[in-house]
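Here is a short report on one protein chain. It covers salt bridges, nonpolar cores and pockets.

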Amino acid sequence: LVMPFETGDDARTWWLGEGSSVLLADDLRRLGVEAIGRDERLRAFARLQVPAVASLSHGTVIRVGQLVGASAVIIGSIRTDGDTLTVRARSLRLDTGRLQGEVREQGSLEDLFRVYERVARRLTSAPALLSSERVQGAELAPAAFENYVKGLLADTPAAQAAFLEKAVALHAGYDEARLALWRAYSEGAEHEKALAAAQTVPASSPASRRARFAAACSETALERYDDAFKRLRVLGDEAPGAEIANNLGVIQLRRGGSPQAGLATYWFTRATQATPD
């Protein structure tokens with residue numbers, strides 16, 4: 001679990017507290033480490049009723065890590081001096097409660113991604129270089145990532161959408177930003193825009209499956225039940241999942257199920273069988 005990093009007094013880089021968690025988790029996944037996602041981290045914060053900030057006690061950090069089933073929690077800080085960025089990170093083992101040695105890397109703000117790649121390698125002692133293909137391509141500009149993170153942190157759906165639209169404009173292939181934009185539009189009840197955002201993620205993208213599921217959610221909200229049902233059935237045929245069966249049950253509950261397509265109870269039973277908890 002990568003926690004948000006503590007930030008210094010530089011107003012330009014306040015967003016890098018959360019950005020550090022997102023970047024480092026992405027890099028660790030590409031090194032083969034199972035890094036816990038942002039949504040799960042935020043749910044853990046909500047369950048423990050603690051603020052989603054970096055300045056938490058080690059005891060609270062340990063509780064969050066235990067709640068999400070992490071084996072270790074990474075904490076750290078960033079500081080800037082002009083255009084120079086310094087990142088410090090440490091891994092806290094939850095089985096022993098011991099802090100590992102500090103990792104320190106430095107570089108320019110424009111070289112942001114490479115700085116965090118080096119931190120990830122040293123935290124995992126991985127000798128090999130990371131793939132040059134970043135989550136959305138090696139050409140992703142720091143400005144696009146900055147707007148993406150600011151969109152995640154904005155207080156209202158409208159403010160989120162404004163930042164995320166700019167992130168997509170700065171990098172047309174930024175599919176993670178498109179999915180975040182789908183969520184912002186959905187939370188603002190702009191379901192037509194949400195559907196359009198989800199449908200712009202190409203089939204070749206690693207985010208394609210999530211985008212198709214998101215599109216089905218928007219179609220359900222728009223009461224286009226036939227389209228949503230067909231889309232979910234295709235996803236379920238490719239790889240069954242509790243969330244897919246659950247949403248098929250919701251559609252059947254709303255439009256009325258049939259023995260041919262499955263009653264709502266059939267799909268809800270499938271969901272609980274797939275994930276008993």
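E18 forms a salt bridge with R41, and their closest N and O atoms are 2.6 Å apart. This is a predicted model. The pair links distant parts of the chain: E18 sits in helix α1 and R41 in helix α2, 23 residues apart. R41 has 1% relative accessibility, so R41 counts as buried. E18 counts as buried too, because its relative accessibility is 7% and the cut-off for buried is under 20%.

E18 has another partner. The side chains of R38 and E18 also meet in a salt bridge, at 2.6 Å from N to O. R38 lies in helix α2 and E18 in helix α1, 20 residues apart. Side chains of opposite charge can pair when their charged atoms come close.

Now take a pair in another setting. D95 forms a salt bridge with R93, with the closest N and O atoms 3.3 Å apart. D95 counts as exposed because its relative accessibility is 57%. R93 is at 30%, so R93 counts as partly exposed. Elsewhere, salt bridges that share partners join D10, R12 and D83 into one network. The whole structure holds 21 salt bridges.

| Salt bridge | Closest N to O distance |
|---|---|
| E18 and R41 | 2.6 Å |
| D95 and R93 | 3.3 Å |

Next, the nonpolar cores. The largest has 50 residues. L24, L112, Y116, F145 and Y148 have the most contacts inside this core. Helix α7 gives the most to the core, with seven residues. L112 touches W15, L16, L23, L85 and F145, leaving aside residues up to four places away in sequence. A second, separate core has 15 residues, including L1, L56, A70 and V73.

The largest pocket holds about 930 Å³ of space. Its lining has 41 residues, and D39, Y148, E176, R183 and R210 lie nearest the centre. Among the elements that give two or more residues to this lining are α1, α2 and α5. Helix α7 gives the most, with seven residues. By class, the lining has 24 nonpolar, five polar and twelve charged residues.

The second largest pocket has a volume of about 300 Å³. It is lined by 17 residues, and L1, V33, S71, A72 and I74 are the closest to its centre. β1, β2 and α4 each supply at least two residues of this lining. Here the classes are ten nonpolar, five polar and two charged residues.

Methods
Residues numbered from 1 in each chain as written. Predicted model: local features only at pLDDT ≥ 70, side-chain atom pairs only at ≥ 80, totals over all residues. Heavy atoms only, no water. 1 Å grid on protein atoms, 1.4 Å probe; cavity = no way out; pocket = protein on both sides within 12 Å on 5 of 7 lines; lining within 4 Å. Points joined across faces, edges and corners; volume = space filled by probe spheres on them. Helix = DSSP H or I, 4+ residues; strand = E, 2+ residues; numbered from the N terminus. Nonpolar A, V, L, I, M, F, W, Y, C, P; charged D, E, K, R; others polar. Core = buried A, V, L, I, M, F, W, Y, C linked by side-chain atoms within 4.5 Å. Buried < 20%, exposed > 50% of the residue type's maximum accessible area, 1.4 Å probe, protein only. Contact = heavy atoms within 4.5 Å. Salt bridge = Lys/Arg side-chain N within 4 Å of Asp/Glu carboxyl O.
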